[in-house]
Amino acid sequence: ATPTAVMVATGVGANNGVLIKGGDALERAQMVKYVVFDKTGTLTQGKASVTTAKVFNGMERGEFLTLVASAEASSEHPLAKAIVEYTRHFHFFDEPSTTKDAQKNNKESNYSWLLDVSDFSALPGKGVQCFIDGKQVGNRKLLTENGVSIPKFAEDIVVELEESGKTGILVAYDSTLIGVLGVADPLKREAAVVVEGLTKMGVKPVMVTGDNWRTARAVAREVGIQDVRAEVMPAGKADVIRSFQKDGSVVAMVGDGINDSPALAAADIGMAIGAGTDIAIEAAEYVLMRNNLEDVITAIDLSRKTFTRIR
Ligand code: ADP
Ligand code: MG
């Protein structure tokens, strides 16, 4: 292709909300053999909502939700946002304000119930931890890492959530399990169609996620992806990309999160979701501004049309 053709294609991409950083990336996309999708926020809407909140050990529901939401408030993860929103609504309906001013405040955004936290850390693929009132709050893998035991009944609740494609979040406070949250994150509407379309184009779709195997399998089944890799930490996602590259295959990675940036950088073509985190966007060669997965196909088509080659 001539430099003019590349320029035109880049312009066509931009008009469709597909930002392409450079002619090399545009050229490589025609040869893509595998498209590896992150799950949360990429195949799914990333607009999660809490569907279950079970509280243990006699703690009050409001207290439980407030602790978890306060811990999650500094995280950008879709799960964290869902938990904070759910808790905001809980407080709104639990304690409706009496004065007009307070009502107005509540309706818009009232986060006054959030507790002060210290030493917050978000652990990609694991969860968050911090201290509230000098006592540690943490979730998921952090529990087992910190030696908090998980009773069978709690494990059973989580298994049930996961088998229906939801994410189960176990929460500990002061080294005790205080409850479990179930969060549902629906697939993007176009996800299954795009997976089918790629397959028809001779491109193999793969799903890689930090989420657990049960949830991952349920979501993969729903979207029509056979090749799934679950419980993968951020560095592991890059290893997955490299394993597909071993035989010289060209691999694209589509992701939205901080946890995807090593894989986006390792891929021959990194495609970041425009609504994703800045770090992912920086690591990628393509930015899908419309947050629509159909643009993965648009990008490959555009490259194929610009660089006609015998394949
Ligand atoms: P994906 O790879 O599908 O985008 P992530 O790696 O972001 O998923 O998250 C994987 C898992 O790590 C989540 O399903 C959840 O169990 C846990 N996790 C990550 N961030 C958080 C958080 N802020 N709060 C609770 N759990 C979290
Ligand atoms: Mg993600």
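Here are a few worked exercises on the domains, the ligand shell and the helix packing of this predicted model.

Before you start: residues are numbered from 1 along each chain as its sequence is written, while chains are lettered from A and ligands numbered from 1 in the order in which they are written. In this predicted model, local features need pLDDT of at least 70 and side-chain atom pairs count only at pLDDT 80 or more, but totals for chains, interfaces and linings use all residues.

**Exercise 1. Find the two domains and describe the side of domain 1 that touches domain 2.**

Step 1: Start with the bounds, which come from an automatic or database domain assignment. Domain 1 is 3-45 + 186-306, and domain 2 is 49-184.

Step 2: Take the centres over C-alpha atoms, and you get 31 Å between the two domains.

Step 3: Collect the contact, where two residues count if their C-beta atoms, placed from the backbone, lie within 7 Å. Domain 1 puts in 16 residues and domain 2 twelve.

Step 4: Look at which elements on the domain 1 side give two or more residues: they are H3 and helix H10 (213-223). Helices here are DSSP runs (H or I, at least four residues), strands are too (E, at least two), and both are numbered from the N terminus. H10 has the largest share, five residues.

Step 5: Sort that side by class: six nonpolar, seven polar and three charged. The classes are nonpolar for Ala, Val, Leu, Ile, Met, Phe, Trp, Tyr, Cys and Pro, charged for Asp, Glu, Lys and Arg, and polar for the others, Gly among them.

**Exercise 2. Work out where ligand 1 lies relative to the domains.**

Step 1: Count the shell, taking a residue as near if its C-beta atom, placed from the backbone, lies within 6 Å. There are 24 residues, the closest being Lys39, Thr40, His77, Thr209 and Gly210.

Step 2: Check the elements. Helix H3 (39-43), helix H5 (78-94), strand E5 (127-132) and strand E7 (167-173) each bring at least two residues, and H3 gives the most, with three.

Step 3: By class, the shell has twelve polar, six nonpolar and six charged residues.

Step 4: Both domain 1 and domain 2 give residues to the shell, so ligand 1 lies between them.

**Exercise 3. Compare how H1 and H9 run against H14.**

Step 1: Two packed helices are described by the angle between their axes and the distance between the axes. Axes are lines fitted to C-alpha atoms, for helices over the stretch in contact, and angles run from 0 to 180 degrees between N-to-C directions.

Step 2: Helix H1 (residues 3-15) and helix H14 (residues 294-306) cross at roughly 160°, with axes that come within 10 Å. H1 and H14 are therefore roughly antiparallel (over 145 degrees; under 35 is roughly parallel, 65 to 115 roughly perpendicular and the rest oblique).

Step 3: List the contact: Ala5, Val6, Ala9, Val12 and Gly13 of H1, with Ala299, Leu302 and Thr306 of H14. These residues split into six nonpolar, two polar and no charged.

Step 4: Now take helix H9 (residues 191-200), which packs on H14 at about 25° with the axes 8 Å apart. H9 and H14 are therefore roughly parallel. Val194, Gly197 and Leu198 of H9 make this contact with Glu294, Val296 and Ile297 of H14.
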